[in-house]
Amino acid sequence: MAVAEGQEPAIEVKSIGKAFGFGAASIKALDDLTLSIPRGCVYGLLGPNGAGKSTLLRIIAGLVRPDRGGVSLFGEEAGPQSRRRIGMLIESPSFYPFLTAREHLEMFARQAGTIDRVAPVLSRVDLVRAADKKVSGFSLGMKQRLGIACALVSQPEAVILDEPTNGLDPDGILEMRALLLDLARREGITVLLSSHLLDEVERVCDRVAILRRGRLAAEGAVAELLDRQGRFWLKVDEPERVMHALAGRGEPGEGGLFVRVEEAEVPDLIRTLAVAGIRIHEAKWVKPDLETVFLSQTREVAP
Ligand SMILES: Nc1ncnc2c1ncn2[C@@H]1O[C@H](COP(=O)(O)OP(=O)(O)OP(=O)(O)O)[C@@H](O)[C@H]1O
């Protein structure tokens, strides 16, 4: 990850609150949410339906006003000036069907004074051959790539993408993944995206925030989040005996058991079991995938 150290974060969200509706019917979409997105990072926003992801992205983009709290972009309070440093693909992109991809990009580029960016951006999103075709004939994947191109043409330092892989086929998802990684790694652009595709997020994002009912359920580097919920697996001859000896710290598995143990305690645990005559065939940390972490953080417990 090309995260620049010692600089202000690209995006900071401080104690944001946002409710929709009034009185008893009011819905808290965001509830005292604080987040910091480092520069150069691909940052994933996860959460079940209604968790507040789109509301947060819309607030950062300046499309929705929060009830309380604030947003900083590159160390400055978010406003029209600082938002020029950000490209956005917030709602599914809507285009003028009879304009071409190039004409759309030229329209945005003229506003931003970056007309020389049109050709490189078309090539960046692999739309060079389709550049002069009317958007009405574009597939969903092409429209999604044009949406990203529109977000990139103003030469932003960060992009905010709401569900950028929405509706894409597996090839389209693959291309999108390569594009996002490339933007961050080669060009140092900060990417903040929301997604429901957890394996995709695991592959592409450096850090994630998991939202639940408008609050932060978990946040951190993807590798660290997976580590945090790692379980220690022991394949032994007499799992029941070990379960008993571990007094409630073990959980049975196929041919062995998972043990709740800190990393530093592992050598002592293994020595104790070996001294007690337990034959250990396998001992290893088993890392969960992001989906398992996500479910453990967001699953509603029945009252
Ligand atoms: N304009 C609005 N008016 C009323 N309620 C809204 C509005 N926008 C969002 N909400 C509500 O706020 C909550 C958060 O919605 P939001 O769209 O931010 O969630 P989300 O995490 O993006 O969900 P999804 O994954 O389904 O897109 C939901 O309960 C939603 O119904």
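Predicted model: local features only at pLDDT ≥ 70, side-chain atom pairs only at ≥ 80, totals over all residues.
Colleague: Is H1 largely enclosed by the rest of the structure or open, and why?

Modeller: Burial is a neighbour count: a residue is buried if 20 or more other C-beta atoms lie within 10 Å of its own, exposed if 12 or fewer, and partly exposed in between. H1 (residues 53-61) is largely enclosed by the rest of the structure, because 7 of its 9 residues are buried. Those residues are Lys53, Thr55, Leu56, Leu57, Arg58, Ile59 and Ile60. Both Lys53 and Thr55 also belong to the shell around the ligand. After the helix comes Gly62, with a positive phi near 85°. Across the 303 residues of the protein chain, 35% count as buried.

Colleague: Which residues of the largest nonpolar core touch the most other members?

Modeller: In soluble globular proteins, nonpolar side chains tend to be buried together. A core here is a set of buried Ala, Val, Leu, Ile, Met, Phe, Trp, Tyr and Cys residues joined through C-beta atoms within 7 Å. The largest one has 68 residues, and Leu105, Ala149, Val153, Val159, Ile160, Val191 and Leu192 touch the most other members. Helix H5 (residues 140-152) contributes the largest share of this core, 6 residues. Apart from this core lies another of 6 residues, among them Phe232, Leu234, Leu257 and Val259.

Colleague: Which residues does Ile160 touch, leaving aside those up to four places away in sequence?

Modeller: Contact requires C-beta atoms, placed from the backbone, within 7 Å. On that basis Ile160 touches Leu57, Ile60, Ala61, Ile86, Met88, Ile90 and Leu192. Of these, Leu57 and Ile60 are buried residues of H1. For the protein chain, 69% of contacts between residues at least 6 apart in sequence join residues at least 24 apart.

Colleague: In what order do the 6 strands of the open sheet lie?

Modeller: Strands pair if DSSP finds at least two bridges between them. The order is S6-S7-S8-S3-S9-S10, with mixed pairing. Strand S6 (86-89) and S10 are the edge strands, each pairing on one side only. Strand S3 (residues 42-46) is parallel to S9 over 4 bridges, and Gly44 stands opposite Val208 in S9. By contrast, S9 (residues 207-212) and S10 (residues 215-221) run antiparallel, joined by 6 bridges. Ala209 faces Glu219 across that pair. The two strands form a hairpin with 2 residues between them, and Arg213 in the turn has a positive phi of about 50°.

Colleague: How many helices and strands does the protein chain contain?

Modeller: The chain has 11 helices and 14 strands. Its C-alpha atoms fill a box of roughly 75 × 50 × 40 Å along the principal axes.

Methods:
Residues numbered from 1 in each chain as written. Contact = placed C-beta atoms within 7 Å. Near = placed C-beta within 6 Å.
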